[in-house]
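Colleague: I'm new to reading helices and chain contacts. Could you walk me through a case?

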Amino acid sequence: MTATFDLWKFTKWALFYLLVTFIVVVSVFPFYYAIITSFKSGTALFQIDYWPTSFSLDNYTAVLSTGSFPRNLLNSIFISAMTVLLALFLAVTASFALSRVRFRGRGLLLLTILAVSMFPQMAVLAGLFELIRFMGIYNTPWALIFSYTIFTLPFTVWVLTTFMRDLPVEIEEAAIVDGATPWVIITRVFLPLMWPALVTTGLLAFIGAWNEFLFALTFTANNDTRTVPVAIALLSGSTQYEIPWGRIMAASVIVTVPLVVLVLIFQRKIVSGLTAGGVKG
Amino acid sequence: MATETMVTAGVRPAPKIKSELTQQRVRAARWFLLPMLIALAIVAGWPLLRSIYFSFTDASLSNLEGAQFIGFGNYLRWQVLDSGAVRWRGLLADPAWWNAVWNTVRFAFTSVAFEAVLGMIVALVLNAEFRGRGLVRAAILIPWAIPTIVSARMWSWMLNDQFGILNDLGMRLGLLSQKVAWTATSETAMTAVLIVDIWKTTPFMALLTLAGLQMIPKDIYEAAEIDGVHPIKQFFKITLPLVRPALMVAIIFRLLDALRIFDLIYVLTPNSAATKTMSVLARENLFDFDKFAYGSAMSTLLFLIIAFLTIIYIWLGQVRFDGGDR
């Protein structure tokens, strides 16, 4: 009797860990495979291996020394960082107003902000294209910083609002009694408390801007102004049929490793930010 | 008497101060909201209105300024032929557009259905206590962190017909009898897109579902355990109803995201009619085919279709965005 019971328990345990292993392998394998492919060169590339067999840095030197990839990396870093700063700057005061002050139409405003963040970007593409050309920023980083506001700003406002709503009311009351104006309350009382929230939101907005493709493809026109996702999407060989898989994988690893490291470091914060804001994948 | 005055003096001005304070706060709130509202109006509101306007004109990429208003011509117009037959033209009579609508809807509902089920399984695993849980959570964050373009490229290499590892694995395990050109054949192109999308976005679904699972009080399960309720029955009678609000919000976020899909398909299966979605077709017309007005009509209709589906979903599903008790 006890033996069969233990057997049943063992089977359950084994099945559970089988499922766990399956989840981990499926999640990690494509990235692992990209890494081992990026270290292969020449004909080794076209041999299918499940384990690392060669360690050649040819693809990395090719990607980083020829073409405009280093320039694209710098573009991506600059554009994403500026987008985040702009969004946080506009969002901090707005989310204070939305979370700590009662006024008519607040709920409607919050819903509108949520709606804008879930907006199909295609719906504004034609109008944005006209506006960007009119402003004379077509094919510059500013075109992307400007257009990325459409999804980073509503998202940061939404997440920061939920964060600020959870801060205890007593801190604010003490400041009000001391005669602090709302501006002083934000800058002196809330900002010091909000650093963790700002880091999380900023990081998620950074990832969003770093990964954006549609606007980056549409509002830039040559190799030097492109961002990394567009560069990787358009990376091609000398002929149409000769796709440089090794270099594509090397470029992919270069842009992904920093993100994966950041995400793993800030794991807990990112998960809480994701669940507060429901950011897109 | 003296005490009475003191009391009134002490009490009466108080509401006045409070209302002044409230007024000051509401005034400040207006100023605080203004920059954000102006930014959103410029970057979202105005372009949306202009896109809709362009859909009623004959604008072309080279001639945006001189666009003439032509009414509903981009959407539907007709021509009476000499034989007396009527020929319908325009977006609403364009089979390529309806094919794209069908592709988009089919893709969105299939992928989100799979993601909801798989996300629930992963969330249930992560909700259990076992050794190595942190490792699993870290692992499932990796697909989420990888840029969509990068994952499209990675998977198109893995799905490559000649040198792809998935064909090799499938043949070794006896699942495939011959190598499949996943992204090139029209029968398998949609499957390839679905595989990549489900791989990439299930983690998001799992994390949102997990947040919902963690809000369920543990003592409910203890009570069910004492009453001898079978675990499967516990899932359907306790877990599912209680996690439903969180799940509904997660599903609507994913659905809205899937309905506007562009980048994955643009890179993984370019030029395949079997996977061309509304967004891909609209951008093609706007910028590649020089049919700016026609493309604008597509993006306007895309906006209306998504808005319509969202309203139906929120209405039928009674979705609450405030997360209930938050």
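This is a predicted model: local features need pLDDT of at least 70, side-chain atom pairs count only at pLDDT 80 or more; totals for chains, interfaces and linings use all residues.

Colleague: Can we zoom in on one pair of helices across the chains? Which residues of helix 5 of chain A meet helix 11 of chain B?

Modeller: A handy general idea first: an α-helix has 3.6 residues a turn, so residues three or four places apart point the same way. Now the case: Met122(A), Leu125(A) and Ala126(A) in helix 5 of chain A meet Ser279(B), Ala282(B), Arg283(B) and Leu286(B) in helix 11 of chain B. By type, the residues of this contact are five nonpolar, one polar and one charged.

Colleague: How do the two helices lie, roughly parallel or roughly antiparallel?

Modeller: Look at the angle between their axes. Helix 5 (residues 122-135) of chain A and helix 11 (residues 278-288) of chain B cross at roughly 20°, and their axes come within 10 Å. Because of that angle, helix 5 of chain A is roughly parallel to helix 11 of chain B. Their crossing is right-handed.

Colleague: What about a pair inside chain B? At what angle do helix 3 and helix 7 of chain B pack?

Modeller: Helix 3 (residues 95-127) and helix 7 (residues 186-214) of chain B pack at about 45°, with axes 6 Å apart. So helix 3 of chain B is oblique to helix 7 of chain B. This crossing is right-handed too, and the contact residues divide into 16 nonpolar, eight polar and two charged.

Colleague: Last one: where does helix 7 of chain B bend?

Modeller: Compare the axis direction before and after a residue. Helix 7 of chain B bends by about 40° at Thr201(B), with a proline, Pro203(B), following within four residues. Its end C-alpha atoms are 42 Å apart, which agrees with the 42 Å its 29 residues should span at 1.5 Å a residue.

Colleague: And where is the bend in helix 11 of chain A?

Modeller: At Thr256(A), by about 30°, and Pro258(A) is a proline that follows within four residues. Helix 11 (residues 245-265) of chain A has 21 residues and reaches 30 Å from its first C-alpha to its last, close to the 30 Å expected.

Methods: Residues are numbered from 1 along each chain as its sequence is written. Chains are lettered from A and ligands numbered from 1 in the order in which they are written. Axes are lines fitted to C-alpha atoms, for helices over the stretch in contact, and angles run from 0 to 180 degrees between N-to-C directions. Angles under 35 degrees count as roughly parallel, over 145 as roughly antiparallel, 65 to 115 as roughly perpendicular and the rest as oblique. A crossing is left-handed if the near helix is turned anticlockwise from the far one by less than a right angle, and right-handed if clockwise. Ala, Val, Leu, Ile, Met, Phe, Trp, Tyr, Cys and Pro count as nonpolar, Asp, Glu, Lys and Arg as charged, and the others, Gly among them, as polar. Two residues are in contact if their C-beta atoms, placed from the backbone, lie within 7 Å. The expected span of a helix is 1.5 Å times one less than its number of residues. The bend at a residue is the angle between axes fitted to the seven residues ending there and the seven starting there.
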